[in-house]
Amino acid sequence: MNYIQVEVTRNCSEKCLVCPHRKWKMTGEMDLNLFLKVSNLFPNYDVVYLQGWGEPLQHSKIVEMLEIAKKKSKKILLELTLTMN
Ligand code: SF4
């Protein structure tokens, strides 16, 4: 299986001991236009993994991103904490 991984946001409400957020306080989210450009690569992969050091559902445009990804991907994976505050 080949896959592409895209970190759509670094925002996260959790405080996991293993996370680099504890040291570097990373925040921010991927620009939707950049995501649109990157999404042109999605048809080349079996799986599009929208996950990095952050909670994907906290991206302000995650619905739009999922709609774009759904059109261009064979399979989409998300790993969620389901914490939104
Ligand atoms: S980004 Fe992942 S590892 Fe880091 S605090 Fe959030 S859930 Fe934990």
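Of the contacts in the protein chain with a separation of 6 or more, 79% are accounted for by residues 24 or more positions apart, where two residues are in contact if their C-beta atoms, placed from the backbone, lie within 7 Å. The structure is a predicted model, in which local features need pLDDT of at least 70 and side-chain atom pairs count only at pLDDT 80 or more, while totals for chains, interfaces and linings use all residues. Residues are numbered from 1 along each chain as its sequence is written.

The secondary structure of the protein chain comprises three helices and three strands, and from the N terminus on the elements follow the order β-α-α-β-α-β; helices (H or I, at least four residues) and strands (E, at least two) are DSSP runs, numbered from the N terminus. The three strands form an open sheet in the order β1-β2-β3, with parallel pairing. Because β1 (3-5) and β3 (76-77) stand at the edges, each with a single partner strand, one side of each is left without a neighbour in the sheet. Two strands are taken to pair if DSSP finds at least two bridges between them, and three bridges join β1 to β2 (residues 47-49). Within this pairing, tyrosine 3 has valine 47 in β2 as its bridge partner.

Of the 85 residues of the protein chain, 15% count as buried; a residue is buried if 20 or more other C-beta atoms lie within 10 Å of its own, exposed if 12 or fewer, and partly exposed in between, with C-beta atoms placed from the backbone. The largest nonpolar core is made up of five residues, Val8, Val48, Leu50, Met65 and Ala69, such a core being a set of buried Ala, Val, Leu, Ile, Met, Phe, Trp, Tyr and Cys residues joined through C-beta atoms within 7 Å. When residues up to four places away in sequence are not counted, valine 48 touches Ile4, Phe42, Ala69, Ser73 and Ile76.

Lysine 25, by contrast, counts as exposed, because it has 8 C-beta neighbours inside 10 Å. This lysine 25 is found in the loop between α1 (21-24) and α2 (32-38), and, although it is not a glycine, lysine 25 has a positive phi of about 50°.

Around the ligand are Cys12, Glu14, Lys15, Cys16, Cys19, His21, Trp53, Gly54 and Thr81, a residue being near a molecule if its C-beta atom, placed from the backbone, lies within 6 Å of it. This shell divides into four nonpolar, three polar and two charged residues, where Ala, Val, Leu, Ile, Met, Phe, Trp, Tyr, Cys and Pro count as nonpolar, Asp, Glu, Lys and Arg as charged, and the others, Gly among them, as polar.
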